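Let's take a walk through this model together, beginning with the whole and ending with a few individual residues. Have the structure open as you read.

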Amino acid sequence: LLKARCATCHGGAAPKAGLDLTTRAGVLKGGKSGPAVKPGSLKESPLWVNVSTDKMPASGEKLTEAEKDVL
């Protein structure tokens, strides 16, 4: 899901905000704002906060409820 919906911006040679969501290591490392996830704490994970409040993706279609359920 992350590769399909987020990697356009958060992947490749120059991921936005230094956040590479194409690998587990990249997700755990995070970007300029720190780790993208807090293991064991979904509601405190910046990735979840941004996706669940429709701040991300910044452009294009937002994630569906079914996609959010996968996360």
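A compact globule of 71 residues would have a radius of gyration near 11 Å, and the protein has 11 Å, so the two agree. Along the principal axes, the C-alpha atoms fill a box of roughly 30 × 30 × 15 Å. Keep in mind that this is a predicted model; its average pLDDT is 92, and 100% of the residues score at least 70.

Now for the secondary structure. You will find 4 helices and 0 strands, giving the order α-α-α-α from the N terminus on. Mean pLDDT is lowest in H1 (89) among the elements and highest in helix H3, residues 46–52 (94).

How do the residues divide between inside and outside? Buried residues account for 28% of the 71. The accessible surface comes to about 4800 Å², with 57% of it belonging to carbon and sulfur atoms. As for contacts between residues at least 6 apart in sequence, 18% join residues at least 24 apart.

Setting aside neighbours within four places in sequence, Cys 6 touches Leu 1 and Leu 21.

Leu 1 also takes you to the surface, where Leu 1, Val 70 and Leu 71 form a nonpolar patch with about 240 Å² of accessible area together. Val 70 belongs to helix H4 (residues 65–70) and, at 62% relative accessibility, counts as exposed.

Definitions and conventions:
Residues are numbered from 1 along each chain as its sequence is written. This is a predicted model: local features need pLDDT of at least 70, side-chain atom pairs count only at pLDDT 80 or more; totals for chains, interfaces and linings use all residues. Side-chain values use heavy atoms; hydrogens and water are left out. Contact means heavy atoms within 4.5 Å. pLDDT is the predictor's confidence in each residue, from 0 to 100. Helices (H or I, at least four residues) and strands (E, at least two) are DSSP runs, numbered from the N terminus. Patches are made of residues with over 30% relative accessible area and no salt bridge: like charges are joined within 9 Å, nonpolar side chains (Val, Leu, Ile, Met, Phe, Trp, Tyr) within 5 Å. Accessible areas come from the Shrake-Rupley method with a 1.4 Å probe; for residues, only the protein chains shown count as cover. A salt bridge is a side-chain nitrogen of Lys or Arg within 4 Å of a carboxyl oxygen of Asp or Glu. Buried means under 20% relative accessible area, exposed over 50%, partly exposed in between (1.4 Å probe, protein chains only). The radius of gyration is taken over C-alpha atoms; the globule rule is 2.2 Å times the number of residues to the power 0.38.
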